[in-house]
Amino acid sequence: MINRLLVANRGEIARRVFATCRALGVETVAVHSDADAAAPFVLEADQAVRLPGNTPAETYLRVDLILDAARRSGADAVHPGYGFLAENAEFAAAVTDAGLTWVGPPAKVIGAMGDKLAAKALLADAGVPMLPSWTDTDEITDFPVLVKASAGGGGRGMRIVRDAAGLAEAVASARREAAAAFGDGTVFIERYVERGRHVEVQIFGDTQGRVVALGDRECSIQRRHQKIVEEAPAVVPPEVRTALHEAAVAAGRAVDYLGAGTVEFLLAPGGEFFFLEMNTRLQVEHPVTELCTGLDLVGLQLLVAEGEPLPAALPASTGHAIEVRLCAEDAAASWRPATGTLHRFAVSGVVTEFGALAGPGLRLDSGVVAGSVVGVHYDSMLAKLVAWGRTRAEATRLLATALARAELHGLTTNRDLLVRVLRSTAFAAVEIDTGFLERHPEVFAPLLPANRLPLAALAAALASAAGRRADSRVLTGLPSGWRNVPAVPQVTRFAGADGEIEVRYRLDRTGGLAEWSTDPVADRAVALVEAAPGRVVLDLDGVRHAYGVHRVGSAVFVDGPDGAASLTELPRFPLPTAELAAGSLLAPLPGAVTRVHVQVGQRVAAGDPLLTLEAMKLEHPVLAPTDGVVAELPVPAGGQVRTGAVLAVIDNSSSVRLAPHLDLEQSNPEEDPR
């Protein structure tokens, strides 16, 4: 029996495992870096052990420190979660050698499946369908192909190559990224299947040699090979589903699989499918399987780890579940990970966190709460929001509506993209594959239309005025800014994502909106129904619209019927600031300059690489935004920078300040390493 379980991970997956442990009466132990000392998963554990440092290499990847934490806390079992050491065979062996129960497949299985080249050869002998693959680039004659890392996963080291000219650079780049992520730069090349779908099967094995399939999942909606929308079951014909399950079980039996695992396949348009990889752990998207089967997969992991057999009768999948990964990302900056404080995190309609649903509803699995600080050390996934419905359409509508109405203040996220995907006609028609986002650029548009931003700004200005009036001590019966003889209107200026917006308005003696205008120009006649510091109701052509307004310092967050806006109220009398040199490229987030590709005095063209910034586990190439000459390179290779630091100055004989152009090869790694 497992009595005290240490989770060698952080964030959302640690909270998820702890939830099952509480239900089963198992005591919990968290390990945490200094950056995570006040994180929700640490506060929820029965015990917590500090791992001194912040980076994964200093903390969550230190086998010795984690085993010492288990010893000091009296833990008798270790759950690896996903990412970090979850698929590290040496860690699994070290845990069992220390006399602890390992909640996962044996080290030999992890090792066999961790090397994708060896895994393909082994499972091909078991009859699992495989794509043609190569390790020698000279043998490749047909394109397109896909370069993949042999170790790890989560899209790291993955490159699509459509002609021979780009192959060498793609292989070199993939090797660098794989080596940085997994400590192993080995790559191989597979035939790339156009319009392929990513479908996977959840398998489970027990100590009695039984391997079963517990349903399948559709994971085709991806950005840069990273899953962002997952659903169960996959929408495939019954005969394809049967064949997928049989192939997955055959793969599990070929390696004497134990515990939870996922066999991933690429489904071609004609129904033919091919093995991609086997993940020897719990997947990020496991909640959709739990909601469709009613099973607690973490509970089954603990059951199997204790040597118990799987239940003789396992439930069939019912209904439909869809999960989205909500990530802190900045769409305006090539989807780079975003950092900062999450001032408000509220999703209405959530029925359960980390648990089962009794009927149609929402489940939230999050690693953050309101007030959480998202730093640069780990991945940018904030939460997973999951909906279950009797039909796919019901689950889609439920999830899209809840996501659109969520209050997410303080960080830019991929929320609008997710809602657009869910509401697209192509998604409803199951016209999906791994190239979905490339073919549907319309889903990248923000939810809030540009012509509705003035209304959000007006709501922000009126709420601000109401707040000042609520704090006033004199003439409390008069509206803010009221004059007996109208003169000039009240003026409030905001900075938004697309520049400044100025709101001019005047209230009459009753507090009604006598007049208003904005720059950019608004095109709607509006009447004021209600204005309070946190809520403004406007009447647009006889239809009332409510806006929630949340202010933190000068930041104002507006949630309206058309979408959300993040604004910064500008001071009426701004203080002078130092002027940057023209052509300054600024660091978009804290990190380290790993490579400098140019020299001072060198002429560059737009798009040329200047340097590489490493932050939040990802490499961010900083490219020249225009032709010019490198005038300054103030940060050498190895130098640490803060947000806003000058990385380079390009002299293009222009007085316009330039923003860095970032070409993110990867964003938001799925699981490896966190």
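**Values and their names**

Guide: In this predicted model, helix α11 (residues 392-405) and helix α12 (residues 415-423) have axes that come within 9 Å and cross at roughly 155°.

Visitor: Why is α11 called roughly antiparallel to α12?
Guide: Angles over 145 degrees count as roughly antiparallel, and the crossing angle here is roughly 155°, so α11 is roughly antiparallel to α12. The crossing of the two helices, α11 and α12, is left-handed.

Visitor: Which residues make the contact of α11 with α12?
Guide: From α11 come Thr396, Leu399, Ala400, Thr401, Leu403 and Ala404, and from α12 come Arg415, Leu418, Val419, Leu422 and Arg423. Sorted by class, the contact of α11 with α12 has seven nonpolar, two polar and two charged residues.

Visitor: What makes α5 and α6 roughly perpendicular?
Guide: Helix α5 (residues 107-114) and helix α6 (residues 116-125) pack at an angle of about 100°, with their axes 5 Å apart. The range of 65 to 115 degrees counts as roughly perpendicular, and α5 and α6 are therefore given that description. In this contact, Ala112, Met113 and Gly114 of α5 meet Lys116, Ala118, Ala119, Leu122 and Leu123 of α6, which by class amounts to six nonpolar, one polar and one charged residues.

Visitor: How many aromatic pairs does a search of the whole structure find, and why is the pair of Tyr60 and Tyr378 described as edge-to-face?
Guide: The search finds five aromatic pairs. In the pair of Tyr60 and Tyr378 the ring centres are 5.7 Å apart and the planes stand at 75°; centres within 6.5 Å make a pair, and planes over 60 degrees apart count as edge-to-face, so this pair is edge-to-face. Tyr60 lies in the loop between β3 (47-50) and α3 (63-73), and Tyr378 in the loop between β22 (373-374) and β23 (381-389), so the pair ties together parts that are 318 residues apart in sequence. Ring pairs also link Tyr60, Phe84 and Tyr378 into a cluster.

Visitor: How do you know whether Tyr60 and Tyr378 are buried or exposed?
Guide: Buried means under 20% relative accessible area; Tyr60, at 0%, therefore counts as buried, and Tyr378, with 6%, is buried as well.

Visitor: Why does Thr28 count as buried?
Guide: Thr28, in strand β2 (residues 27-32), has a relative accessibility of 3%, and with the limit for buried at under 20%, Thr28 therefore counts as buried. Leaving aside neighbours within four places in sequence, Thr28 is in contact with Leu5, Phe18, Cys21, Glu44, Ala45, Asp46 and Gln47.

Visitor: Where is Asp256 found, and why is Asp256 called exposed?
Guide: Asp256 is found in the loop between α8 and β13 (259-267), and its relative accessible area is 56%; exposed means over 50%, so Asp256 is exposed. Phi of Asp256 is near 55°, a positive value in a residue other than glycine. Most residues other than glycine have a negative phi.

Methods
Residues numbered from 1 in each chain as written. Predicted model: local features only at pLDDT ≥ 70, side-chain atom pairs only at ≥ 80, totals over all residues. Heavy atoms only, no water. Axes fitted to C-alpha atoms, helices over the stretch in contact; angles between N-to-C directions. Helix = DSSP H or I, 4+ residues; strand = E, 2+ residues; numbered from the N terminus. Parallel < 35°, antiparallel > 145°, perpendicular 65-115°, else oblique. Left-handed = near helix turned anticlockwise from the far one by under 90°. Contact = heavy atoms within 4.5 Å. Nonpolar A, V, L, I, M, F, W, Y, C, P; charged D, E, K, R; others polar. Phe/Tyr/Trp six-rings, centres within 6.5 Å; stacked < 30°, edge-to-face > 60°. Buried < 20%, exposed > 50% of the residue type's maximum accessible area, 1.4 Å probe, protein only.
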